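Okay, thanks for coming, everyone. Let me put the structure up, and then I'll talk you through it.

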Amino acid sequence: MVYISAVTSETPPSDKLRYVKSRRRPASVLVRHDNAKICSACGASVARQDCHKNRFGEYICHDCQARGIGSTRRSRIWAWVSRVLRRSVWAIAGLGLTLVVLAMLILFAL
């Protein structure tokens, strides 16, 4: 990241700002660095109040939201994989418990 200082000699110490320039955005677009987030969809550095944190924990800027982007493919795929893994673990545990109970019933029946 490229840091550009916006501090001048007339600026009081409490108003010192640091600006960050994104790699994917034009150089003319500068955002305050103290509360900037990176949009997961377009990679732009946006202020926190100009983006939304979705249920996957990604920050999506309002421009991308207006275009209909709510999350990235990577997060949706990862959410699906983790959901399948979680359910398969429970299925295997249930199957194992069922087999143990059946084995005990067969052993005690003999």
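So, Thr 72: buried or exposed? Its relative accessibility is 13%, and the cut-off for buried is under 20%, so Thr 72 counts as buried. Where does Thr 72 sit? In the loop between α1, residues 62-66, and α2. And what touches Thr 72, once you leave aside neighbours within four places in sequence? That would be Ser 40, Ala 41 and Glu 58.

Keep in mind that this is a predicted model, so let's talk confidence. The protein chain has a mean pLDDT of 76, with 69% of its residues at 70 or more. Among the elements, α2 has the highest mean, 92, while strand β2, residues 18-21, has the lowest, 45. Over residues 1-5 the pLDDT is below 50, and that stretch makes 13 contacts in the model beyond near neighbours in sequence. Residues 7-23 are also below 50, with 34 such contacts beyond near neighbours in sequence.

Now the layout. We've got 2 helices and 7 strands in the protein chain, and along the sequence the pattern goes β-β-β-β-β-β-β-α-α. Of the contacts between residues at least 6 apart in sequence, 10% join residues at least 24 apart.

On to the inside. Out of 110 residues in the protein chain, 18% count as buried. The largest nonpolar core has 8 residues: Cys 39, Ala 44, Val 46, Cys 51, Tyr 59, Ile 60, Cys 61 and Cys 64. Which strand gives the most to this core? Strand β7, residues 59-61, with 3 residues.

And the outside. The accessible surface of the protein chain comes to about 8600 Å², and 61% of that belongs to carbon and sulfur atoms. In soluble globular proteins, nonpolar side chains tend to be buried together. Here, though, there's a nonpolar patch on the surface: Leu 95, Leu 97, Leu 99, Val 101, Leu 102 and Leu 105, with about 590 Å² of accessible area together.

Let's take Leu 105 from that patch. Leu 105 is in helix α2, residues 73-109, the element with the highest mean pLDDT. Why does Leu 105 count as exposed? Because its relative accessible area is 54%, and exposed means over 50%.

That's my tour; over to you for comments.

Notes. Residues numbered from 1 in each chain as written. Predicted model: local features only at pLDDT ≥ 70, side-chain atom pairs only at ≥ 80, totals over all residues. Heavy atoms only, no water. Patch = residues over 30% accessible without salt bridge, like charges linked within 9 Å, V, L, I, M, F, W, Y side chains within 5 Å. Areas by Shrake-Rupley, 256 points an atom, 1.4 Å probe, with all protein chains shown as cover. Salt bridge = Lys/Arg side-chain N within 4 Å of Asp/Glu carboxyl O. Helix = DSSP H or I, 4+ residues; strand = E, 2+ residues; numbered from the N terminus. Buried < 20%, exposed > 50% of the residue type's maximum accessible area, 1.4 Å probe, protein only. pLDDT = per-residue confidence, 0-100. Contact = heavy atoms within 4.5 Å. Core = buried A, V, L, I, M, F, W, Y, C linked by side-chain atoms within 4.5 Å.
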